[in-house]
Amino acid sequence: MKFIQAMSGITLAIASIFATTAHAQEKVIGIVAIDLQSSFFVRMKEAGDVAAKDYGVTTSWQSAEGSLEKQVSLIENLISQKASAILVDPLDKNALIPVLKKAQEAGISVITMGNKVEAGENYSTLYPDEPDAAQTARALARSIGGEGEVAALIGARGNYVSDTREKGFTETIAKEFPNVKIVAIQPAGWDPSKGADVAQTWVSTYPDLKGIWSMSDTQLLGASSIAQAAGRSLKYAGFDGDAEMGVSSATDPWSLTS
């Protein structure tokens with residue numbers, strides 16, 4: 001399911017720009033991902049390469065390694081290299097506007113994936129994040145009996161997907177589960193090591209913590225490993241359906257990835 005979802009998103013993006021670059025003899029698409037190490041982005045690359053082969057285009061994958069500054073620099077490089085199109089998973093919906101406008105002024109088609117960026121004539125591919133987050137909130141809350149403490153891992157403020165999923169989660173808990181208390185919300189930048197660092201603090205700070213919600217399985221993997229090492233049996237709710245998440249939570253009574 002996760003591969004299919006990634007395939008659908010990246011195929012839509014490539015198909016969208018294919019028509020606008022069809023006149024070019026050699027079509028090179030620069031793709032700037034948040035990172036290319038975590039399982040979600042690795043599978044997105046695999047799916048993107050399949051789609052690129054189907055459409056007969058060449059892909060140049062770049063990793064921002066979670067750095068906004070590096071993401072801007074990578075896009076600048078692709079502009080200099082005269083890429084036919086640029087696909088980017090923006091870390092910040094506002095900070096990238098100037099460089100994305102610069103790309104369009106250079107005649108390069110721009111797709112912003114999973115983030116609503118208003119940078120002129122760019123296309124944005126989005127997901128039903130808020131209702132999906134509401135469903136994961138309900139699943140987590142019900143799994144702990146409708147009461148108790150939970151914590152939430154977000155990606156980064158300013159990222160449309162992270163912000164929208166956080167909103168769907170927090171508003172659903174507040175409206176439908178008054179006896180569930182969100183004791184902490186912290187960003188982990190889609191990084192499992194940062195998710196682990198945050199969880200290390202939570203495990204020691206909140207002895208009554210019952211569950212952890214995350215807008216991405218990638219950072220949830222790190223958090224769950226820390227909780228298990230500390231002997232804490234928590235409930236988990238994530239989004240990506242990572243097979244690795246199922247393995248890491250195999251010793252727990254319940255886990256959800258949807």
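**Helix packing and overall features of the predicted model**

In this predicted model, the axes of helix α7 (residues 192–205) and helix α8 (residues 217–229) come within 7 Å of each other and cross at roughly 40 degrees. Axes here are lines fitted to C-alpha atoms, for helices over the stretch in contact, with angles running from 0 to 180 degrees between N-to-C directions. Helices (H or I, at least four residues) and strands (E, at least two) are DSSP runs numbered from the N terminus. The pair α7 and α8 is therefore oblique, given that angles under 35 degrees count as roughly parallel, over 145 as roughly antiparallel, 65 to 115 as roughly perpendicular and the rest as oblique.

On the α7 side, P192, G195, A196, A199, Q200 and V203 do the touching, and they meet T218, Q219, G222, A223, I226 and A227 of α8 (contact means heavy atoms within 4.5 Å). Sorted by type, the residues of this contact come out as seven nonpolar, five polar and no charged; Ala, Val, Leu, Ile, Met, Phe, Trp, Tyr, Cys and Pro count as nonpolar, Asp, Glu, Lys and Arg as charged, and the others, Gly among them, as polar.

Zooming out, the protein has nine helices and 10 strands. Of its 258 residues, 51% count as buried (under 20% relative accessible area; exposed is over 50%, partly exposed in between, with a 1.4 Å probe and protein chains only). Among contacts with a separation of 6 or more, 68% link residues 24 or more positions apart.

Two loop residues have a positive phi without being glycine. E65, at about 55 degrees, sits in the loop between β2 (58–63) and α3 (68–80), and its 59% relative accessibility makes it exposed. K82, with a phi of about 60 degrees, belongs to the loop between α3 and β3 (85–88) and is exposed too, at 70% relative accessible area.

As for confidence, pLDDT (the predictor's confidence in each residue, from 0 to 100) averages 84, and 83% of the residues score at least 70. Residues 1–8 stay under 50, with 16 contacts beyond four places in sequence. Residues 19–24 are also below 50, and this stretch has eight contacts beyond near neighbours in sequence.

Residues are numbered from 1 along each chain as its sequence is written, and side-chain values use heavy atoms, leaving out hydrogens and water. Local features need pLDDT of at least 70 and side-chain atom pairs count only at pLDDT 80 or more, while totals for chains, interfaces and linings use all residues.
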